[in-house]
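Reader: I am new to this structure. Could we go through it in short questions and answers?

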Amino acid sequence: MNTNSHLEKVFNSGEFVVSAEIGPPKHASAEGMHHYADVLRDYVDAANITDNQTAVVRISSIAGGVHLNNKNVCPIIQMTCRDRNRIAMQADLLGAYSLGINTILCLSGDHQIFGNHPTSKNVYDIDSMHLIQTVRKMRDEKQFMCGEEIKNQEPRFFVGAVANPFGDPFEFRVDRLEKKVEAGAEFIQTQCIFDMERFERYMEEVCRRGIDERVHIMAGITPLKSWKAARYIGNNVGGMIVPDEIVERLKGAEDQKAEGLNIAVEQINHVKKIKGVHGVHIMAIAWEEKVPEIVERCGLYPRPKFD
Amino acid sequence: MIVAEQKPIKTIADLIEDSNKVLLVGCSACVAVCLAGGEKETEVLASALRIKRKQEGKPLETVTKMVTRQCDPEYIATLDDSVEDVDTIISLGCGVGVQYLAERFYNKWVIPALDTKFAGGSIEHGQWEERCGLCGDCILHRTGGICPIIRCSKSLLNGPCGGSQDGKCEINKDVPCAWHLIYERMKSLGKLDKLLEIQPPKDWSRSRDGGPRKVTREDVFID
């Protein structure tokens, strides 16, 4: 064990890992986050707290992480490179660890043009690759990015990154994953998987190169509420593919929401069998209440407990 | 070249609302090439402002001058005899030109007629595109001759983000993904292995983040 992260413990135990996601609110009350923590607590090993996702101002991921810790849910704080330079990011890493947070997910971040402040300046002082390296360097070498020694307690984070098997160029996607692992990523959460065939091709290449032995890959699953949502995601979100057969299946269903959950359960049962997949990350956008049902139906309940 | 675009006539007219006589200064360098501040644009802007003011019953007197380059003091000096009786100088140069005029004619009100956009080139007649981020530390030898600093919307150094699809950037389907272009070029050059190396964080102190920059060549000083 390199850290005190509960997520790392579950991976080390060899169990198939389950995480979910909580988007913090656009106001200063943590009530909703407390509620979702109660909903998810017994059904997931950890929950991501997004970092101003889609570039919309919300409660910060670190503050959200503290709220989750207080509710005994292991937070995975997301940190994007969009809003902070290397000084602010390292300061936040120190601060987050001092507040009891020990699991992090490093990302580039959605471009601010999508958010509620499209006239803002983006930072991108460093990219996600450098952020992964920095978190590892602070932990393993007790050094800041600049090489200066951390003289007292170093922040000890279990480090995750993201991968999108559905972005282009497809042939470079495994290369980019390998670079992230080389940079120090210990677990990976993928973009939402709808095109299972493409994900399987991706994982074949991952395993052929032996990357699955160096990192824990969690397959991203999103239950869809309607065929319109499915089509919207496929057509309007960069780097997302939603096959027609999923759209058609939802369209033909009597109860689209129920069918959306059925599809998610089938997808999870499918990815469980794919070599190299060590867990599932359920992104039930504005549908967190359904996570327990999905987890139970996939035979992933109860979750492992450690002393 | 520096690519610029003229501000809307109304915006410029508002900026000279209180002036009765203005000097419009065009520039024969970059902004002439990109059809924003050359001789023709300077004359057209002068007459547009005059017509507008005439319609408003508050006639405007204009004088137009061209200089070879607004970014060289010696050319700015050629205007010394033209500024005396004008209320305002309107520069059709880039941001550099506006400042050189303001420095030379310290007691005159100088306003920009252009928005200076970027360092780029033409892709077809009437269309220009950004190519260089002026970061002060060129890495084009590592990225197949395609600049990720300015052509990637996130200035990523280590490959495309998750938003790249069908060769396009997530911000807009009309924007090519720089990393897709880099990948294709490196592939055609048989150098894909280079993209597996992790590129180190950028030293932004060589860019504007190190403060305003200066280039000195003592060997060409005239003394």
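Reader: Where in chain A does A:Pro302 lie?
Author: This is a predicted model. Helix H11 of chain A covers residues 291-297. A:Pro302 lies in the segment after H11.

Reader: What is omega near for the peptide bond from A:Tyr301 to A:Pro302?
Author: The bond from A:Tyr301 to A:Pro302 is cis. Its omega is near 0°.

Reader: The peptide bond from A:Asp168 to A:Pro169 is cis. In which loop is A:Pro169?
Author: Omega of the bond from A:Asp168 to A:Pro169 is near -10°. Strand E5 of chain A covers 158-163. A:Pro169 sits in the loop between E5 and H6 of chain A.

Reader: Is phi of A:Ala55 positive or negative?
Author: A:Ala55 lies in the loop between strand E2 (46-49) and helix H3 (61-70) of chain A. A:Ala55 is a residue other than glycine. Its phi is near 60°, and that value is positive.

Reader: How many salt bridges and how many polar residue pairs are counted between chain A and chain B?
Author: Between chain A and chain B, the salt bridge count is zero. Polar contact counts residue pairs with both members at pLDDT 80 or more. That count is 23 residue pairs.

Reader: How far apart are the closest N and O atoms of A:Arg136 and A:Glu186?
Author: Over all chains, the whole structure holds 38 salt bridges. A:Arg136 and A:Glu186 form a salt bridge. A:Arg136 is in helix H5 of chain A, and A:Glu186 is in the loop between H6 and strand E6 (187-192) of chain A, 50 residues apart. Their closest N and O atoms are 3.9 Å apart.

Reader: In the sheet with the order E1-E6-E7 of chain B, why is one side of E1 and of E7 left without a neighbour?
Author: The three strands form an open sheet with antiparallel pairing. Strand E1 (2-6) and strand E7 (127-132) of chain B stand at its edges. One side of each lacks a neighbour because each has a single partner strand.

Reader: In the open sheet of four strands in chain B, what is the order of the strands?
Author: The pairing in this sheet is parallel. Strand E3 (61-67) and strand E5 (109-112) of chain B stand at the edges, each with a single partner strand. The order is E3-E2-E4-E5.

Reader: What is the bridge partner of B:Val25 in E4(B)?
Author: Strand E2 (residues 21-27) and strand E4 (residues 88-91) of chain B run parallel, joined by four bridges. The partner of B:Val25 in E4(B) is B:Ser91.

Reader: Which helix of chain B lies across E2, E4 and E5?
Author: Helix H3 (residues 39-55) of chain B lies across E2, E3 and E4, at about 170° to E3(B). Another helix runs at about 175° to E5(B). The helix across E2, E4 and E5 of chain B is H5 (residues 95-104).

Technical notes: Residues are numbered from 1 along each chain as its sequence is written. Chains are lettered from A and ligands numbered from 1 in the order in which they are written. This is a predicted model: local features need pLDDT of at least 70, side-chain atom pairs count only at pLDDT 80 or more; totals for chains, interfaces and linings use all residues. Side-chain values use heavy atoms; hydrogens and water are left out. A salt bridge is a side-chain nitrogen of Lys or Arg within 4 Å of a carboxyl oxygen of Asp or Glu. A polar contact is a pair of N or O atoms within 3.5 Å; within protein, one must be able to donate a hydrogen and the other to accept it, and residues adjacent in sequence count only if both atoms are side-chain atoms. Two strands pair if DSSP finds at least two bridges between them. Helices (H or I, at least four residues) and strands (E, at least two) are DSSP runs, numbered from the N terminus. Contact means heavy atoms within 4.5 Å. Axes are lines fitted to C-alpha atoms, for helices over the stretch in contact, and angles run from 0 to 180 degrees between N-to-C directions.
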